[in-house]
Amino acid sequence: PGTGKTVTSASIVYHLVKQNKAQILVCAPSNIAVDQLTEKLHRTGLKVVRLCAKSREAVATSVSFLALHNQVRGWFCL
């Protein structure tokens with residue numbers, strides 16, 4: 001903990017997106033790691049979509065609003 005893995009990963013993804021104007025798929029070994037990386041990437045201003053298993057859709061996290069099922073739901077509520 002505290003070695004800067006998430007910050008380094010987010011920085012690499014941010015610069016790859018900006019340089020290549022491309023979409024990047026990022027994965028991590030745990031949901032907590034994905035949530036933390038999702039949050040950091042969202043703070044950079046990048047458009048982020050968090051994918052999760054159907055069984056995890058009901059789990060509230062600080063990045064729940066970025067989950068695909070919640071973003072799609074927002075499209076139909078406009």
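Predicted model: local features only at pLDDT ≥ 70, side-chain atom pairs only at ≥ 80, totals over all residues.
Me: Which residues of H1 are called buried, and what makes a residue buried?
Reply: The term requires under 20% relative accessible area. In H1, the buried residues are Ala10, Val13 and Val17.

Me: How do you know on which side or sides of H1 these residues lie?
Reply: Around the axis they cover an arc of only 65 degrees, and therefore they are on the same side of H1.

Me: What does the buried side of H1 pack against, and what does the face turned away from it carry?
Reply: Helix H2 (31-43) is the element against which the buried residues of H1 pack. On the face turned away from the buried side are the exposed residues Lys5, Val7 and Gln19. Taking Ala10 as an example, and not counting residues up to four places away in sequence, its contacts are Leu37, Lys40 and Leu41.

Me: What follows H1?
Reply: Lys21 follows H1, and its phi is positive, near 50 degrees.

Me: What makes a set of residues a nonpolar core, and which residues form the largest one here?
Reply: The members must be buried nonpolar residues joined through side-chain atoms within 4.5 Å. The largest such core has 7 residues, namely Ala10, Val13, Val17, Leu37, Leu41, Leu46 and Val48. H1 and H2 are the elements that give two or more residues to this core, and the largest share, 3 residues, comes from H1. In soluble globular proteins, nonpolar side chains tend to be buried together.

Me: How many cavities of 30 Å³ or more are found, and what lines the largest cavity?
Reply: Searching the whole structure gives 1 cavity of 30 Å³ or more. The volume of the largest cavity is about 80 Å³. Its lining residues include Asp35, Arg50, Cys52, Val63, His69 and Asn70.

Note on methods:
Residues numbered from 1 in each chain as written. Heavy atoms only, no water. Buried < 20%, exposed > 50% of the residue type's maximum accessible area, 1.4 Å probe, protein only. Helix = DSSP H or I, 4+ residues; strand = E, 2+ residues; numbered from the N terminus. Arc of directions from axis to C-beta. Contact = heavy atoms within 4.5 Å. 1 Å grid on protein atoms, 1.4 Å probe; cavity = no way out; pocket = protein on both sides within 12 Å on 5 of 7 lines; lining within 4 Å. Points joined across faces, edges and corners; volume = space filled by probe spheres on them.
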